[in-house]
There are 2 protein chains.
Amino acid sequence: MKEVLPVFNSAVSIDCVLFGFDNGELKILLIERNEEPFKDWWALPGNLVGEDESVDQSASRILHELTGLSDIYMEQYYTFGEVSRHPQGRVITVAYYAMLRLGGDKALKPLTSYAKKAQWINVKELPKLGFDHQHIFDKGLEKIKRRIKHLPIAFELLPEKFTLTQVQNVYELILGKKLDKRNFRKKILSFGVLKELDEKQKGVSFRAATLYKFDRRKYAKLFGKEISF
Amino acid sequence: MKEVLPVFNSAVSIDCVLFGFDNGELKILLIERNEEPFKDWWALPGNLVGEDESVDQSASRILHELTGLSDIYMEQYYTFGEVSRHPQGRVITVAYYAMLRLGGDKALKPLTSYAKKAQWINVKELPKLGFDHQHIFDKGLEKIKRRIKHLPIAFELLPEKFTLTQVQNVYELILGKKLDKRNFRKKILSFGVLKELDEKQKGVSFRAATLYKFDRRKYAKLFGKEISF
DNA sequence: ATATAGTGTGTATTTTTTACACTAAGTAAT
DNA sequence: ATTACTTAGTGTAAAAAATACACACTATAT
């Protein structure tokens, strides 16, 4: 298959921006690096692409190795290719994002010594990140802001069963503004991707809210909202 | 600056999908290759990224070398990273698109022997393309479809001065469907980015249409249309 | 003068978006 | 059991946006 090898002009890496929602907070998954450069710094989970895997496969593998998470569907959103973005040489990085339900259950355990640990960190209290990862994160946040306005993708952040107020909280956190309760409910239900359950919220010291779940089938049929001519 | 070179795991290339509108047709810029692999095939203008240029810079340079075009603002839209997409080895490619006004004036002249020629080709009569370029093109077309519904970016395809009917033609070609004339005009003017000129279309054997031009300042302020909550 | 071909325009209807405030239900404390 | 507290849950009117729809105008060519 390989006749003439192309010149290798840059290494290629993956960086992952994983958003999670927990305890009313929007969080992002970071690792504490155990290798130079930026040893002991916080950074996005990322590493070099392998020679025998597609970039999509690579993203899943790298995320798994650094955090122990698997079966996370991530979407590619941008490739960062400034010449000096990596201090040790030319590395072009392909960025992925995903939105995730956090449940406390899944423990984060790096499977390699490349990361000391992986941790969910509130986006409002981000530490200084290595490389150009702050920039990559910023673009990722922009991306999901646009995204949740087109597809009601934010359900991925929620537990299996959730209340409408929780959904609204997620939207408000991502968009960074308050929304009207009645209008929000009308709208979100109008997408037709939520199924009302016979069940109520438990363990609260006030009127329990109805639980809903997300209908993946109907969701799959939804496409972006667009200007109509 | 470089302390430890990262492993080179893949080469990185750029491919450009340039859309142009001319003579009522939506066209795309292709080159006829003069090098293996796919010698004598049509392909998207593309080549390897240089070590001392960002991917954005690279895209401009490569386009220039293969077609003679310069000062084209291109936007990155996706990175294709399947393992075997290039028959000679691992090459991950970053795809860019742009929309361009065609005027016949600018001649296309490859500045390197890598391409025999560059030519605008009607998207309805695309030849078989080398590599996975058909796929890259398809994704690019999807991208601009979504794009023109959010920003009235389609003006980039039109000459300096144009009629509303021309604008409508472009939209109909890209979206692949007929639009209502009165509603289209109402909508497109409502964006407030068109300036009506005192001038009329020339050289037609029927009532001449009013010419408009595009107001870049107002355009810059426009952002995507979004779901409101 | 007439045929032709594209230009240019308005209104009524429907749908979507927005703004806005009170009652209902469950828990906890007394 | 009454009360206080806290969040859940609901409707309507007004404004804005989207849609559907048809004919007269005007420049040119013959």
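1. In this predicted model, Glu32(B) is buried, since its relative accessible area of 15% falls under the 20% limit. Its salt-bridge partner is Lys116(B), with 3.7 Å between the closest N and O atoms. This pair links distant parts of the chain, 84 residues apart: Glu32(B) belongs to strand 2 (residues 25-33) and Lys116(B) to strand 7 (residues 115-122) of chain B. Lys116(B) is partly exposed, at 39% relative accessible area. In chain A, salt bridges with shared partners join Glu32(A), Asp40(A), Lys116(A) and Lys117(A) into one network.

2. A salt bridge also forms between Lys27(B) and Asp22(B), again with closest N and O atoms 3.7 Å apart. Here Lys27(B) is buried, with a relative accessible area of 14%, whereas Asp22(B) is partly exposed at 28%.

3. Lys161(A) and Glu199(A) form a salt bridge at 2.9 Å, N to O. The two residues lie 38 residues apart, in strand 8 (residues 161-162) and strand 9 (residues 194-200) of chain A. Both are partly exposed: Lys161(A) has a relative accessible area of 37% and Glu199(A) one of 33%.

4. Over all chains the count is 27 salt bridges, yet there are zero between chain B and chain A. That contact has 13 residue pairs in polar contact, and the side of chain B that touches chain A has 25 nonpolar, twelve polar and 13 charged residues.

5. Chain B superposes on chain A by a rotation of 180° with 0.0 Å of shift along the axis (RMSD 0.0 Å), which is the relation of a two-fold axis. The copies meet through the same surface, because 100% of the interface residues of chain B are also interface residues in chain A.

Key:
Residues are numbered from 1 along each chain as its sequence is written. Chains are lettered from A and ligands numbered from 1 in the order in which they are written. This is a predicted model: local features need pLDDT of at least 70, side-chain atom pairs count only at pLDDT 80 or more; totals for chains, interfaces and linings use all residues. Side-chain values use heavy atoms; hydrogens and water are left out. Copies are superposed by least squares on the C-alpha atoms of residues with pLDDT of at least 70 in both. Contact means heavy atoms within 4.5 Å. A salt bridge is a side-chain nitrogen of Lys or Arg within 4 Å of a carboxyl oxygen of Asp or Glu. A polar contact is a pair of N or O atoms within 3.5 Å; within protein, one must be able to donate a hydrogen and the other to accept it, and residues adjacent in sequence count only if both atoms are side-chain atoms. Ala, Val, Leu, Ile, Met, Phe, Trp, Tyr, Cys and Pro count as nonpolar, Asp, Glu, Lys and Arg as charged, and the others, Gly among them, as polar. Helices (H or I, at least four residues) and strands (E, at least two) are DSSP runs, numbered from the N terminus. Buried means under 20% relative accessible area, exposed over 50%, partly exposed in between (1.4 Å probe, protein chains only).
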